[in-house]
Amino acid sequence: MAEILLFHHAQGLTPGVVEFADWLRGSGHLVHTPDLFEGCTFDDLESGMRFVEELGFGEVIERGERAVEGLPHEVVYAGFSLGVLPAQKLAQTRAGARGALLFHSCVPVSEFGASWPQGVPVQVHAMVADPIFVGEGDIDAARALVEATEEAALFLYPGDQHLFADSSLPAYDAEASAILIQRVRGFLAAR
């Protein structure tokens, strides 16, 4: 059993993120889903990003850091898109991380340190033609992470949707999500 801290994306703690966490719980894992937006959810990504811009990316990361208070150090950090920011920062900077699952996003390792921490496995999952993941450089950051890290994998799925693993959004892709879940299951089995 792994203990997982799962951060939501810019549309908030949607039913699809909760469902994903429930799937992990159903597999025997202990999952925490902090609400970084204090109850706010958004119907579309653009509205969510306007909220994030007002709130500030630094504040999102700080809220993520506060969410880990009281948790053991041996945690797997996971994030959907925007949630990758606090997940990746914690995986890189908080001692004892058991792993990182980065869904729909990846930032350059240099944002949070000189290198990825040794012994912390990581998976990055995204669609090969996602205009955000590809167009904003996340794919380059993910490839650099995989190249420089012993226990790292980048999984690219057919399609062009951004939040394809959130079952409550129009971008949801059941087939790609099923494969993602199988890969996550294997990853967590070793944690």
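Met49, Val52 and Leu55 in α2 meet Phe57, Glu59, Val60 and Arg63 in α3, where contact means heavy atoms within 4.5 Å. The residues of this contact divide into five nonpolar, no polar and two charged.

Before I go on, the provenance. This is a predicted model, in which local features need pLDDT of at least 70 and side-chain atom pairs count only at pLDDT 80 or more, while totals for chains, interfaces and linings use all residues. Residues are numbered from 1 along each chain as its sequence is written, and side-chain values use heavy atoms, with hydrogens and water left out.

Back to the pair. Helix α2 covers residues 45-55 and helix α3 residues 57-67, and they pack at an angle of about 85° with their axes 6 Å apart. The axes are lines fitted to C-alpha atoms, for helices over the stretch in contact, and angles run from 0 to 180 degrees between N-to-C directions. α2 and α3 are therefore roughly perpendicular to each other; the classes are under 35 degrees for roughly parallel, over 145 for roughly antiparallel, 65 to 115 for roughly perpendicular, and oblique for the rest. Helices (H or I, at least four residues) and strands (E, at least two) are DSSP runs, numbered from the N terminus.

Next, α1. Helix α1, residues 15-26, has 12 residues and reaches 16 Å from its first C-alpha to its last, close to the 16 Å expected at 1.5 Å a residue. The expected span is 1.5 Å times one less than the number of residues.

Which residues of α1 are buried? They are Gly16, Val17, Phe20, Ala21, Trp23 and Leu24. These cover an arc of only 150° around the axis, which puts them on the same side of α1; the arc is that of the directions from the helix axis to the C-beta atoms. Buried means under 20% relative accessible area, exposed over 50%, and partly exposed in between, with a 1.4 Å probe and protein chains only. The face turned away from the buried side of α1 carries the exposed residues Pro15 and Gly26. On the buried side, the packing partners are β1 (3-7), β2 (30-32), β3 (76-80), β4 (99-103) and α7 (174-189). Gly28 follows α1, with a positive phi near 95°.

Now α4. Eight of the 10 residues of α4 are buried, so this helix is largely enclosed by the rest of the structure. The buried residues of α4 pack against β1, α3, β3 and β4. One of them is Gln92, at 11% relative accessibility. Leaving aside neighbours within four places in sequence, Gln92 is in contact with Val109, Phe112, Gly113, Ser115, Trp116 and Pro117.

Two backbone points. Most residues other than glycine have a negative phi. Ser81, in the loop between β3 and α4, has a positive phi near 50°. His104, in the loop between β4 and β5, also has a positive phi, about 75°. Ser81 is buried at 13% relative accessibility, and His104 is buried at 0%.

Last, Ala129, in the loop between β5 (122-127) and α5 (131-135). Buried, partly exposed or exposed? At 42% relative accessibility, Ala129 counts as partly exposed. Not counting residues up to four places away in sequence, Ala129 touches Val134, Gly159 and Asp160. Ala129 and Tyr157 are 28 residues apart in sequence and 8.6 Å apart in space, C-alpha to C-alpha.

Conventions. Ala, Val, Leu, Ile, Met, Phe, Trp, Tyr, Cys and Pro count as nonpolar, Asp, Glu, Lys and Arg as charged, and the others, Gly among them, as polar.
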